Amino acid sequence: MKLPDIKILDEKHKILHTKSTEVSFPVDQKTQKLCADMITYLKMSQDEKIAEKYKLRAGMGLAFIQLGIPQRIFVIANEKEDGTFEEYTIINPKIVSQSEELIYVGEGEGCLSVNREVEGIVPRAARINLEYYDFEGNKKTIRAREDLAVAFQHEIDHLNGILFVDRIDPKNPYKDMEKMREL
Ligand code: NI
C-alpha cells in the first residue's frame with residue numbers, strides 16, 4: 001500500500017482555530033478521493049511497521065481543517081479486536097443527544113496536529129447520538145460510545161476550531177477527574 005501524500009498542519013497554524021463551514025451536496029470526486037486517502041493514512045499509521053518506516057504517529061481520526069481545508073468533514077478509522085477497521089466519513093455532523101455520564105482517556109487524548117506531550121484530561125460524554133450526511137447528502141444517524149464517542153467529539157471540536165489542549169486548564173489539568181469514568 002502506498003502512503004497517501006497528506007500534509008497535516010501543526011497546532012501553530014492559526015487556521016486550526018477557525019470554524020469550518022458546512023459542505024454542500026453532492027460532494028465532488030476530488031473530495032471523496034481525499035477522504036479515502038485520509039482513511040488509508042490513518043489505517044497505515046496504526047500499523048506499527050508502517051508507522052516506523054514512514055515515521056508516522058498513530059491516529060484514528062482526521063478532520064479536513066487539519067489539512068488546511070475549512071470544511072465540516074472528518075474521517076475515522078477505528079481498529080477492532082479482529083484487526084479489521086470500522087471506517088467513517090462524517091459530513092456536517094450534529095450531536096443530537098449525549099449521555100450525562102462523562103468519561104476521559106486515562107493516558108490523555110492525542111491529536112496528529114499536537115506534536116508534544118500534554119498533561120491533563122478532557123471530559124467527554126460517554127455516549128452520543130450523531131446526525132451527519134453521506135457524500136450524496138443523505139442524512140444518517142449513528143450512536144457511538146466509549147472510545148468511538150471520544151473520537152467523534154474530538155473531531156467535531158476540530159470543525160469548531162477547538163483542539164483538545166484548549167479544553168485542558170494548565171493550572172488544573174485533572175479537574176473533576178473524580179466525577180468521570182476513566183477509559
Ligand atoms: Ni485531533
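Some residue classes first: Ala, Val, Leu, Ile, Met, Phe, Trp, Tyr, Cys and Pro count as nonpolar, Asp, Glu, Lys and Arg as charged, and the others, Gly among them, as polar. The model is predicted; local features need pLDDT of at least 70, side-chain atom pairs count only at pLDDT 80 or more, and totals for chains, interfaces and linings use all residues. Residues are numbered from 1 along each chain as its sequence is written, and side-chain values use heavy atoms, with hydrogens and water left out.

**View 1. The second largest pocket.** A pocket is an open set of points on a 1 Å grid over the protein atoms alone, where a 1.4 Å probe fits, with protein on both sides within 12 Å along at least five of seven lines. Its volume, the space filled by probe spheres set on the points, is about 190 Å³. Lining residues have an atom within 4 Å of a point. Here there are 16, and E107, E109, R116, E117 and V118 lie nearest the centre. Six are nonpolar, five polar and five charged.

**View 2. The largest pocket.** This pocket has a volume of about 600 Å³. Of its 23 lining residues, M60, V105, G108, E109 and G110 are the closest to the centre. The lining holds eight nonpolar, nine polar and six charged residues. Helix α3 (a DSSP run of H or I, at least four residues) spans residues 146-159 and gives the most, with five residues.

**View 3. The nickel ion.** Its protein donors (N, O and S atoms within 2.8 Å of the metal) are C111 (SG), H154 (NE2) and H158 (NE2), 2.1 to 2.3 Å away.

Conventions: Helices (H or I, at least four residues) and strands (E, at least two) are DSSP runs, numbered from the N terminus. Donors are N, O and S atoms within 2.8 Å of the metal (3.2 Å for Na, K and Ca); water is not among the atoms, so sites may look incomplete.
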